[in-house]
Amino acid sequence: MSRPEIKVPPPGPKSQEIISKDNELIMQSFARWYPFVAKRGQGVWLEDLDGNKYLDFNSGIGVTNVGHAHPRVVQAIKDQAEKLLHYSLTDFLYETPVRLAEKLVKITPGSFPKKVFYTNSGAESIEAAIKVARGHFRGARPYIIAFAGSFHGRTMGALSLTASKPVQRRGFAPLVPGVVHVPYPYCYRCPFRQKYPDCNLWCVDYIEEWVLKKYVPPEEVAAIVFEPIAGEGGYIVPPPEFFRRLKELADKYGILLVDDEVQAGIGRTGKWFAIEHWGVEPDLIAIAKGIASGLPLGALVGRREIMNLPPGSHASTFGGNPVSCAAAIAALEVIEEEKLLENTTRVGEHAMKRLNEMKEEIPAIGDVRGKGLMIGVELIKQDGSPNPELLRKTLDIAFKSGLLVIGAGLSTIRIAPPLIITKEEMDVGLDILYNSIRKALQETP
Ligand SMILES: Cc1ncc(COP(=O)(O)O)c(C=O)c1O
């Protein structure tokens with residue numbers, strides 16, 4: 001088995017050259033955690049420009065689910081690129097998006113007939129969801145309910161739903177009107193200061209009692225948009241009955257449920273889609289990131305009778321690009337054939353066990369939560385408040401020790417390695433993480 005190898009303290013001289021040019025030439029609107037300059041990736045391993053080797057706990061932010069440069073995906077890309085690079089699904093037809101749609105309608109929850117719309121990113125899939133939901137009601141239901149604490153992307157429509165950090169919205173108002181936010185069910189820090197299960201899921205009743213009955217007429221709400229596990233907001237897993245209760249509420253008022261599986265979908269949690277853990281069938285599912293394991297592609301999959309925007313009302317030049325679709329077909333086949341859902345569950349359970357043991361030993365680990373290989377480790381101060389400084393130090397030390405892992409929310413380590421990771425590789429990463437937290441604590445009481 002391979003191990004990380006740091007030969008030159010990162011960032012080394014070759015990386016530094018790119019870092020300074022990036023700084024000069026590329027708009028710095030990103031919030032990067034540390035200066036990693038990627039050169040090549042294979043499986044769960046990445047190499048930087050200076051030849052250092054790292055274990056990857058990020059998957060390029062939930063994207064390379066079947067591992068970096070999986071030979072099947074690379075071959076599919078090469079084969080398709082030689083045949084047809086592009087011809088735009090907006091005006092013509094070709095085979096790969098249809099073949100991929102045949103798969104998507106099967107693996108998404110719900111045995112009802114479905115249709116697919118292709119995009120190039122997560123934000124675009126959310127944009128499509130907003131238009132499909134509002135369009136379905138022909139403008140009669142202008143409102144959308146979303147969750148404070150959630151992330152849905154950064155284009156203006158998606159941003160209107162996003163509400164996980166003020167910096168994402170600061171200076172960009174006015175956003176798309178008609179979005180109403182309600183608190184995300186973050187039981188570790190309940191926004192209503194209640195305790196589960198004594199709360200009896202007040203967070204769902206609140207929507208009905210204080211939103212729908214006070215100021216947002218339910219017959220004017222097109223959709224409730226949610227992340228099944230809040231990603232960017234801190235890898236937060238809602239309590240067991242939450243989605244069932246939300247579905248009951250939505251059904252009562254004829255409101256559509258839109259499930260944003262951009263980060264949690266495509267096997268990340270050990271099921272094809274995270275919402276399957278709760279047995280709820282959404283009306284629309286937004287997909288992107290891991291679908292093509294490295295090429296840009298997104299999709300909106302939904303009930304056939306809802307996916308009925310009129311011709312000319314929505315389209316995308318590159319959405320459903322033949323090469324991305326070919327990569328996606330290969331990636332989905334790899335997930336099936338290599339039994340990656342099973343591996344995700346197995347290695348995820350192992351990681352949760354080890355992380356919970358660490359939590360017992362290290363009081364600065366306040367909470368360990370997740371499903372499959374979507375795991376959050378929330379770091380706290382002695383008074384129980386979030387500890388962003390400790391998070392930053394921990395991630396920096398891990399980086400310099402050969403582990404690539406980033407944060408989510410205010411102070412949560414987000415663990416999202418490629419789904420092909422073995423137990424042994426997971427242990428290598430968790431050992432580095434453990435040592436990094438301990439070392440960071442010596443510097444950050
Ligand atoms: C849940 C969720 N939705 C939407 C998005 C936006 O995706 P993209 O960056 O591809 O636009 C993200 C990105 O992190 C996400 O995590």
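Buried means under 20% relative accessible area, exposed means over 50%, and partly exposed is in between, using a 1.4 Å probe and protein chains only. Keep that handy for this tour of a predicted model, where local features need pLDDT of at least 70, side-chain atom pairs count only at pLDDT 80 or more, and totals for chains, interfaces and linings use all residues. Residues are numbered from 1 along each chain as its sequence is written, and side-chain values use heavy atoms, with hydrogens and water left out.

**Stop one: Asp427 and Arg354**

Select Asp427, which counts as partly exposed because its relative accessibility is 22%. Its side chain meets that of Arg354 in a salt bridge (a side-chain nitrogen of Lys or Arg within 4 Å of a carboxyl oxygen of Asp or Glu), at 2.9 Å from N to O. Asp427 sits in helix α12 (residues 423-443) and Arg354 in helix α10 (residues 340-361), so this pair ties together parts that are 73 residues apart in sequence. Helices here are DSSP runs of H or I with at least four residues, strands are runs of E with at least two, and both are numbered from the N terminus.

**Stop two: Arg414 and Glu232**

Now pick Arg414 and Glu232, a salt bridge whose closest N and O atoms are 2.7 Å apart. Arg414 belongs to strand β15 (residues 412-415), while Glu232 is in the loop between β7 (221-226) and α8 (242-253), putting the partners 182 residues apart. Are they buried or exposed? Both Arg414 and Glu232 are buried.

**Stop three: Asp22 and Arg32**

Jump to Arg32, which has a salt bridge to Asp22 with 2.8 Å between the closest N and O atoms. Arg32 is in the loop between α1 (13-25) and β1 (38-42) and Asp22 is in helix α1, so the pair ties together parts ten residues apart in sequence. Colour by accessibility: Arg32 is partly exposed at 46%, whereas Asp22 is buried at 15%.

For a network of salt bridges, show Arg189, Asp367, Arg369 and Glu378 together. Across the whole structure, a search finds 25 salt bridges.

**Last stop: the ligand**

Which side chain has an N or O atom 2.7 Å from a nitrogen atom of the ligand? That is Asp260. Ligand oxygen also lies 2.8 Å from a polar backbone atom of Gly122, and 2.8 Å from one of Ala123.

Key. A polar contact is a pair of N or O atoms within 3.5 Å; within protein, one must be able to donate a hydrogen and the other to accept it, and residues adjacent in sequence count only if both atoms are side-chain atoms.
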